[in-house]
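Please view the sequence and the model together while reading.

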Amino acid sequence: MTNELTTEPGGLAGRGHLLRLGAPRDTAAVRHLVTFLVASVVTVLVTRAYLAAMDYPQIGGGGLHLAHVLWGGLLMALAMMLLLSYVGPAPRSLGAVLGGIGFGLFIDEVGKFVTSDNDYFYAPTAAIIYFVTVLLVLVVEGMHGRRAHHPAEYLAVAADRLTAGLAGGFTPAARHEARALAARGAGEPGADLVAGLIDAVPDDDTDVPDPVRGGVDRVVRWLDALVDRAWAAWLVISVLLLVGAIEARVGVRVVRGLVPGLPEWTGIAILAAVGTSVVLLAVGVVVGRRDHLGGAVWVRRAVLISLLFTQLLVFRAVQWTAAFGLLLDVLAFMVLEVALREERMLKVRAT
């Protein structure tokens, strides 16, 4: 192990602008951001269901009404204070949950802020919330899904994990994770020093509870087991056909004028999008007979058409009753992502 930072020629100059500014991406960022988004969506659905069940009660009196957007703002502020107050990864899961709940309470009242009469029941609210969620998902994809992590980012994340170890010690699992991250940053300036510090941190048998990570790990294990089933592919196809049928029914109702306030072209667009998804799905089935990876890619495209376009129009047409189809789409997409990951790993091993 060296005792000095090495600065190989071009080692820093060849890095991206954000890295040069000292802003490496966290390898766990997607998990935290997805937690934030899931907490937001669940909060909106639970809030709407609760208010409907309780006949829309109001907190306050004497002409005052404490709208839940205020509680959302307080929770987002609390999440920011938590994340800005502590070093290391420990508070991030809690911050993601609190921030997500706060954002859900905030965005749920968007109808009040885009209408002159503060209409909470503004019909396009569901579509607006869905659009914002999709937009945020695309932002996450753009930030974390397009570029592989630089070795310096792995090393920086290892150092971030190290901060928790320096304060409270490492459990065996935490030390293993930090070592794996440091190994992927090998060769970067300071890599040997970070690896040495990871080894020097004392042992600790008490791990910081992280129910979010535990839940994610359980879901991943369940999806891995599901993908290994021989009937998994046909289950995904059946689910997507069911979603397509639900969407097509909505499109037909709009075209026939059974959904007030929506022009005919909305229904035509829904039907066209459903048709496109069905064609892509059929291509995926045909291609998948000889190339599982290629087939899964085509089926994934069918799901993306539904998630990014069709569901938006369906939410505009039938509002919150579209949530069931969305849930099925998301589950199918998750299974496909796991299947694609496994197929790519098999191809890498084969080469």
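How many helices and strands are there in the protein chain? The protein chain has 14 helices and zero strands, where helices (H or I, at least four residues) and strands (E, at least two) are DSSP runs numbered from the N terminus. This is a predicted model, in which local features need pLDDT of at least 70, side-chain atom pairs count only at pLDDT 80 or more, and totals for chains, interfaces and linings use all residues. Residues are numbered from 1 along each chain as its sequence is written, and side-chain values use heavy atoms, with hydrogens and water left out.

**Overall form**
- Along the principal axes, the C-alpha atoms of the protein chain fill a box of roughly 75 × 70 × 40 Å.
- Of its 351 residues, 39% count as buried (under 20% relative accessible area, 1.4 Å probe, protein chains only).
- Among contacts (heavy atoms within 4.5 Å) between residues at least 6 apart in sequence, 74% join residues at least 24 apart.

**Helix 13**
- Helix 13 covers residues 292-318 and bends by about 45° at Thr-310, the bend being the angle between axes fitted to the seven residues ending there and the seven starting there.
- At the start of helix 13, the backbone nitrogen of Leu-293 has a side-chain oxygen of Asp-291 within 3.3 Å.
- Gln-319 follows helix 13 and has a positive phi, near 55°.

Note on methods: Buried means under 20% relative accessible area, exposed over 50%, partly exposed in between (1.4 Å probe, protein chains only). A polar contact is a pair of N or O atoms within 3.5 Å; within protein, one must be able to donate a hydrogen and the other to accept it, and residues adjacent in sequence count only if both atoms are side-chain atoms.
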